[in-house]
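Let's take a walk through this one together, starting with the overall picture and then zooming in on a few spots. Have the viewer open as you read.

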Amino acid sequence: MELIKKISLLFIISFLIFSCKSDSISVSDKTEATPVTKRKVPKFNVENAYSSIEKQVGFGPRYPGTKAHKELIEHLTQELEKHTDHVIQQDFKASFLGEKNVDATNIIGVINPDKSKRILLCAHFDTRKIAEKDKDEAMQDKPILGADDGASGVAVLLEIAKLIKENGIDVGVDFVLFDAEDNGESNTGIGWCLGAKHWSKNPHVKNYKAEFGILLDMVGAKNAEFGREGYSQQVASKYIDYIWDMAGKMSYGNYFLDMNSGTVEDDHRYVIENLRIPMVDIINMSRINGREGFGHYHHTHDDNLNIIDKNTLKAVGKVVTAVVYNFSNGKI
Ligand SMILES: [Zn+2]
């Protein structure tokens, strides 16, 4: 196994050197009909990502049925329209936490729709209607701002979309921003991931397929810890290996930890089950350093701008941008 890996890596490296050289020299080699373009990984701008979190949080709590939620959908659609080839709004009805058949919308931004080799990048944008874990009992039925749980993953993806628009890419990239993820019932398990359930059964393209996908959920908090999530590990362990190994080499091993973090009901589960796409959930969830699961702020009113750390956002942004471009460059 080890030997085969080394041989194939050498082959890829020599192939890339060859294809770079062939740009300036007219080389006719019929064995390499479609040379892989080598693109530099663009620089992730963490200030843009942070500004997006500020903007999203500025609308207020953003669960389906609220004015802030409508405003956010309009804003995210406009942002994706700037950075992708086309945007689809997918409407559906959501019932959750006492709400019945409320308007909800998944937002899908497509880059290079004609390419068959594709990567899927997802995050949820809705926020939680209640703060059931808040220390202050009187505040537990009030909606949260969701700076991390909602805004952070979307913010990282919008910056990556912008980078791709500016720098180009040689694969298809689909940004799927899910609605109605975060308003399930903790005791019954009903009502989570409604947008992902809907989209994975009704994808924007018939027989939709991507080689693999990444879900970002709570990727901006100070001292975040990302481990191998259970569903991801079952179907996408080779992508986890690649991403975590690369993160370590980029000196982000303090965020991307070598641990099994537990299994979480999250949007990726339904993309795996209904579309059979290997998905990696990058989510702040840990079993070490005195932690048991999510961050202390999870589903409390502490999930506001104060817990967001640009270092975490930058780590995730740089790693995911590198994954996307390495995929485009044929390294994954
Ligand atoms: Zn949540």
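**The overall picture**

Take the contacts in the protein chain (heavy atoms within 4.5 Å) between residues at least 6 apart in sequence: 77% of them join residues at least 24 apart. What you're looking at is a predicted model, where local features need pLDDT of at least 70, side-chain atom pairs count only at pLDDT 80 or more, and totals for chains, interfaces and linings use all residues. Residues are numbered from 1 along each chain as its sequence is written, and side-chain values use heavy atoms, with hydrogens and water left out.

The protein chain has eight helices and ten strands; these are DSSP runs numbered from the N terminus, with helices being H or I of at least four residues and strands E of at least two. Of its 332 residues, 55% count as buried. Here buried means under 20% relative accessible area, exposed over 50%, and partly exposed in between, using a 1.4 Å probe and protein chains only.

**The zinc site**

Now find the zinc ion. Asp149 (OD), Asp182 (OD), Asp182 (OD) and His299 (NE2) coordinate it at 1.9 to 2.3 Å. Donors are N, O and S atoms within 2.8 Å of the metal (3.2 Å for Na, K and Ca), and since water is not among the atoms, sites may look incomplete. Along the chain, the donors follow the spacing D-x32-D-x116-H. Asp149 sits in helix H4 (residues 147-167) and Asp182 in the loop between strand S4 (172-178) and helix H5 (194-201), so the pair ties together parts that are 33 residues apart in sequence. Asp149 is buried at 1% relative accessibility, and Asp182 is buried too, at 3%.

**A threonine in a loop**

Next, hop to Thr84, in the loop between helix H3 (67-83) and strand S1 (86-96). Is Thr84 buried or exposed? Buried, with a relative accessible area of 4%. Its side chain reaches the backbone oxygen of Leu80 at 2.7 Å. Leaving out residues up to four places away in sequence, Thr84 touches Gly109, Val110, Ile111 and Phe175.

**Two helices crossing**

Last stop: helix H2 (residues 46-58) and helix H8 (residues 310-328), whose axes come within 9 Å and cross at roughly 115 degrees. Those axes are lines fitted to C-alpha atoms, for helices over the stretch in contact, with angles running from 0 to 180 degrees between N-to-C directions. Which residues meet there? Val46, Glu47, Ala49, Tyr50 and Ile53 in H2 meet Lys310, Leu313 and Lys314 in H8.

Methods:
Polar contact = N/O pair within 3.5 Å; in protein donor to acceptor, adjacent residues only side chain to side chain.
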